[in-house]
Amino acid sequence: MTDHIITPTIENRPVEFTQAEIGWTPWLEPLAEDELTEAHLAGLVEASRAKSPYFRLLVRDPAVLEARTKTDKDIFYNTRTGLPRADRELAATAASRSNGCIFCASVHSRFASHHSKRGDDVQKLLDEGVEADLGERWNAIVAASVALTATPPTFGDDHIERLSAAGLDELEIADVIHGAAFFNWANRLMLSLGEPTAAVQ
Amino acid sequence: MTTSTPDIIDLLAGIKPGSSLDRIRTQRPETREQAQKSYLALFEPDNFGDVSLVERQAIASFVAGLHRQADIFELYVSPLEESGANRWLVEVLKAEIGAAQAVGPYGQYPAGPLSVEDASGPIYQVSNAGREALGAKRAAALEHAHLLVFHLRDASPKALQVLLDAGWTTNGIVTLSQLVAFVAFQIRVITGLGLLAASNRRAAA
């Protein structure tokens, strides 16, 4: 089979940032579920990810996907110590808002709202953008994430001092850095290998 | 894969064994290990598939250069510099990096309420001399890398068609996309942790 692109026809294409559950459709052919070998399944890390066209596309390079997935899970889910999950999801949402990844922002804003119980503030970040006033602690996390997302990064000592003044210790600041940095990986894949589709009615 | 490769983030962020940042990274052992494994999976894989080592090093050097990160550029370009056969490539990369500078993120949103946030910026094309030297496949990769680095929200199926037309396969495009995106991540972790380590050393002094 010759390699080819997919140009999807999308109805009610998402054109703004939302916390709703929207979909994503690829521009290149994912592997079919029945084509997946042991190596591919190892790359997917969780068998349930074989249902996702995004992961079945990325699994074309299984070793990279496996390491990427494990990096992702530890940065966001390892919350025994360090920054609360809500704040990590806020960093992910801020990076995605700044880069313009409507799909990534939808998933992680939903998580940020769920874990913080501050859905209105999260919505303000989506609606008004990264300059929205969310209170000093969240403002400091958003500003640091956005500065790290710029190319070249503009993150500096002032961002570290502001996070520290907002009460974050060194481990928590490192967690902000990882959360924002990781979404500079994720946004680049989500935005360039496919596009968001409408919320499932 | 070799086990002798040092931890790249520690090395370039200046994190010394026993330092405060070393202890912080020790509390995230899986992140530390898997970030390194991601690097190894891209630059020391068991199987290079459809993207050669030289292509990987050249594209990563270009991405680091666009981020104006001299140390990370050195990491990726030094193997090319050390091999006499690729010195011409280093010269081409340096010239292209110089011509491809921009400040991101910029780009267009799908038409609608976000259009007021559309921001324009350069659409980079490899120079004629660069294209001649690199060939169509590598030139297309640099142009795509520039899109992914600076104006990712301008990505489109058409941009992927350009890669296919230049000789990239679907598998190769997945690896290329992961490589550019991973280096964007790695640069930000190194930048952030490097500043945090320096600020900690000042506080302790």
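Guide: Two residues are in contact if their C-beta atoms, placed from the backbone, lie within 7 Å. The model is predicted, and local features need pLDDT of at least 70, side-chain atom pairs count only at pLDDT 80 or more, while totals for chains, interfaces and linings use all residues. Residues are numbered from 1 along each chain as its sequence is written, and chains are lettered from A in the order in which they are written.

Visitor: How many residues does the contact take from chain B and from chain A?

Guide: Chain B contributes 59 residues and chain A contributes 54 residues. On the side of chain B that touches chain A, helix 10 of chain B gives the largest share, 21 residues, where helices are DSSP runs (H or I, at least four residues) numbered from the N terminus. That side has 32 nonpolar, 21 polar and six charged residues, with Ala, Val, Leu, Ile, Met, Phe, Trp, Tyr, Cys and Pro counted as nonpolar, Asp, Glu, Lys and Arg as charged, and the others, Gly among them, as polar.

Visitor: Into which domains is chain A divided?

Guide: Domain bounds come from an automatic or database domain assignment, and in chain A they give domain 1 (23-75 + 191-197) and domain 2 (83-188). Their centres, taken over C-alpha atoms, are separated by 25 Å, and seven residues of domain 1 of chain A are in contact with eight residues of domain 2 of chain A.

Visitor: Is Glu161(A) buried or exposed?

Guide: A residue is buried if 20 or more other C-beta atoms lie within 10 Å of its own, exposed if 12 or fewer, and partly exposed in between. Glu161(A), in helix 8 (residues 157-165) of chain A, is exposed because 12 other C-beta atoms lie within 10 Å.

Key:
Helices (H or I, at least four residues) and strands (E, at least two) are DSSP runs, numbered from the N terminus.
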